[in-house]
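Dear colleague,

I am passing on the structure below, and after it I describe what was found in it. Please look it over with the notes beside you.

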Amino acid sequence: MIIRLFLHLALLLLFAPLLQGVITRTKALFAGRVGAPLLQPYYDLARLWRKGFVFSRTTTWVFLAGPLVGLVVPLLASLLIPFGALPAPISFEGDLVLFVYLFALSRFFTVAAALDTGSSFEGMGAAREVTFSCLAEPTLLFALLVLARLSDGLSLGTLLGSHLLPAWHSDAGASLGLILVSLFLVLLVENSRIPFDDPNTHLELTMIHEVMILDHSGPALGMILYGAALKMMVMGALLVRLALPWQTGWWLSDALLFLAGLTGLAVLIGVIESIMARLRLPRVPQVLVGTMLLSIFALVLVLR
Amino acid sequence: MLLLLILFPLAVALLALLLPWYQARSWLLPVSGALHLLMAGVTVAGPGHAPSPWIALDALSSLVLIVTSLLYFGCAVYAVGYLDLRRDRGNKTIVPCLLVFLSAMTLAIAARHLGLLWMAVEATTLASAPLIYYNRNRLSIEATWKYLLLCSVGIALALLGILFIAYAALAGGGMPATLQLDTLLAGATQLSRPWLHAGYVFLLVGFGTKMGLAPLHSWKPDAYGEAPGMVGALLAGGLTSVAFLAILRAVQLMTAAGDGAMARQALLGMGLLSLLIAAIFMVRQPDIKRLLAYSSVEHMGILAIGVGIGGLATFGAMLHLVNNALTKGCLFLSAGNIQRAYDSKRLSKVHGALATLPISGSIFLAGFLAITGSPPFGLFMSEFTILRGIFGSGQTWIGLLMVLLLAMVFIGMGATVLTATQGEPVKLESAYKDNFLLVISPLLFLLLVLLLGVYLPEPLQNALREAAALLEVQL
Amino acid sequence: MLELTNPLLLAVILINFYTLGSARLVACVRVVALQGALLALLPLLSHGFTFHAMVLAAEAFCFKGVVIPWLLLRAIHRVRIRREMEPIVGFVPTLILGVLTTVGAFLFADLLPLAPEHHDGMFVPTALATMFSGFLLLITRRKAITQILGYLMLENGIFIFAVLLSAAMPFMVEAGILLDLLVGVFVMGIVVNQISREFSTLNTERLTALKE
């Protein structure tokens, strides 16, 4: 049990920033550049940790609470979700609801921290972020409902258990395909990737997520970046397990399969960032509603 | 012989595309019309051949074939004179389209396979769209677009209805899925009822759109209003009869399956609604062609009521089919003449037609008297027969309602027609003159209707009776 | 063969959703073409590789997948419009309506008295759903070309239902139906062109001169 916990946390903490590096490298290769080294995010985190804080005089304790919660929540959430075939350290009935709302908690604190600075840019970004997440959350819940219907349980461990492989080959395979696509779009929205948000933009008026963290500096910024990487890995874990439902029995090969799946996911995100442009802001709610309807349809197919 | 009847207009259409002379193209129409009428007469009167599963003539289709062919011949003769007047528009499209239209109508009349029937009716929609667009102005585009879209969607629903009927054969067990009419009629009692009823409803809606029964009639005033006179005559007299034939096939099927009463109720309801809507919209109608369109809706309603009541009224409906087609031909052609002369069809410009155009004006006036059911014209006899049937079957309230609505129609239509024909004669600006080709057809149609009102020849009576018998309950 | 028809029919439904929510005319035409091409495979997958099925499939692919979209794209090119306007109900409400009617179609199809071999299949619900989506497009959109696309989708839905009954539909009749569809779209394309020339727009809400 303790070993499992350590393995889980080790995988999470060590591997998460590498995903960011893979995405950046993929984009660079697509653009014909060599790009930053794969371990660049680790160097960035180390550099930020060494610097000092700069706080604005208008902020309160909420301003620091945002990054802290943003770091702790993915850690907690990762304990609930199985990494590939490695079972989750903590598992109980209904933990999928906790999973979804832990992220809601972190979003709340991020938004509160952004509003705390009193800057109008950050308020604007906060409003956009909350709207989009509002529309993405039902999709996530419907997708989890589909999985719950297929597995007859309400714990993430049961949902992503060993019945997934035969489920893909049966009639429910179509629904699983649909929710895989919906979950991927939810991943892109929650992690502020193209086509919903451009992580490389430097124009504040076009930012959604980056603008909320504009005022942070030093270790707080490091916490935010690390937290974002952890969040991507945890949400990616859900997708990878759904897409690669195989398991061997040996922990090492399962872990390697999981990491390979995550790397593949990162490459996919990098490719999408390179070939697509960002959606116009009014289109984003339309696409999100479409995704939600897709997941509802998948649910109907499974309920039939 | 029947196959030749369907294919030869297509061959003439091809010829029309290749001929470079304007007049020659126009004359192709009456020549082919005459040949078609001759061949149709021979086929109908001649000995019946072995019925093929695809095309064959029974009593109903023989009747509609003769009527349609006659109407087409008359309109084709008119067309020569009309196209001579409209040289600015050219006839490279209208002549082939008219011929393809004839071929498609003949195919629809003779079809014994429901899928073939559908195909032919859709082909008539497509062939008639360029005809409506002949005048190429804003209003005709609007009319053509509405016609094309509404009729295509309606006919798509009819296709769904046909598929439901095939499914009724499949789901009923005992017979394979088929759309051949004779097979379906023979095994009708084995058809699955819910699918048959659903199919009937969709067929009624789909072909009812084509026929112009309310509430699916909204394209009619626009299309008939903007199309040239002879196109209006063909649509109102010929195409509606063909669409009605398609609906009658569905009624035949329902009757053979034992659910004839339900089928008739639906028809009766739609017929009454059509009559009501036509009566309402004909009051204070300022456009003479739209008036005629609503008159067409009214008469389709009367046909539906006739078949809906059954018995003697069905015989009346068959007679009415013949009379209506001929009278509509007469009315539309003379209205077309009036429009050409006044360069307008609205009452603000058109009045005093009796004085300025003695022949066309009086034909129009006489046609109005005929279409509203005045004796001694034929429509009086057919409407009277239908009313006798209604009162005979005990549905007094429906009969009274029908009489009231017919009176309303008479008043409404009369107001418009009398304003157009009487009143202060206007100095005509166009160079239009009534000539032989333009008036002979409407005049002959009118005389035929007058004849039918006074004397019903024995062979025609037998034909009508046989046609009505096909629709009656075979208990 | 049934396992292959289900993903195909699912793709057809997804294409319905895309067309209901999209404003880009060229993309919509291409996607409806894809739907037609997918439907052309349906007779092959459900009835095996008989001569009848193969000819029907080839014909449907040619007409629905190639020629009709080409006609429509040519009409769009001549008329020089690229985007649909906001529909009468709005894109997102239309999409929601489309999904609701699809769900309704699935529920309704379970209640229908189908022949035993068609129960629990996806044919009938997909046919109903596609027909509803076609109707929605016809009713709620303003540009004439999208209305034609709605008509095509309606015909696609009817085609799915017809595949169930291919014993009843001899080859000649199906050929005739497809030919009618082709000529229909051709004529509609011409009329659309004329509308655009006369009115300088394809907004059918302008076609309101004829009244009463």
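The lining of the largest cavity is made up of ten nonpolar residues, no polar ones and three charged ones, where Ala, Val, Leu, Ile, Met, Phe, Trp, Tyr, Cys and Pro count as nonpolar, Asp, Glu, Lys and Arg as charged, and the others, Gly among them, as polar. Please bear in mind that this is a predicted model, in which local features need pLDDT of at least 70 and side-chain atom pairs count only at pLDDT 80 or more, while totals for chains, interfaces and linings use all residues. Residues are numbered from 1 along each chain as its sequence is written, chains are lettered from A and ligands numbered from 1 in the order in which they are written, and side-chain values use heavy atoms, with hydrogens and water left out.

To stay with that cavity, it holds about 150 Å³ of space, a volume being the space filled by probe spheres set on grid points that are joined across faces, edges and corners. A cavity here is a set of points, on a 1 Å grid over the protein atoms alone, where a 1.4 Å probe fits but cannot get out, and lining residues have an atom within 4 Å of a point. Of the 13 residues that line the largest cavity, B:Leu159, C:Phe159, C:Ala162, C:Ile177 and C:Leu178 are the closest to its centre. The largest share of this lining, five residues, is given by α6(C), helices being DSSP runs (H or I, at least four residues) numbered from the N terminus.

The second largest cavity has about 80 Å³ of space, and its lining includes C:Lys64, C:Asn156 and C:Leu181. Two or more residues of that lining come from each of α2 (25–47), α3 and α6 of chain C.

Turning to the interface between chain A and chain C, 13 residues of chain A are in contact (heavy atoms within 4.5 Å) with 19 residues of chain C. Together the two chains bury about 1300 Å², 76% of it on carbon and sulfur atoms, buried area being the accessible area (1.4 Å probe) that two parts lose on being put together, summed over both. A:Leu293, A:Phe297 and A:Arg304 supply 47% of the area that chain A buries against chain C, more than any other three residues. Between these chains the count of salt bridges (a side-chain nitrogen of Lys or Arg within 4 Å of a carboxyl oxygen of Asp or Glu) is zero.

With best wishes

Technical notes:
On a 1 Å grid over the protein atoms alone, a cavity is a set of points where a 1.4 Å probe fits but cannot get out, and a pocket is an open set with protein on both sides within 12 Å along at least five of seven lines; lining residues have an atom within 4 Å of a point.
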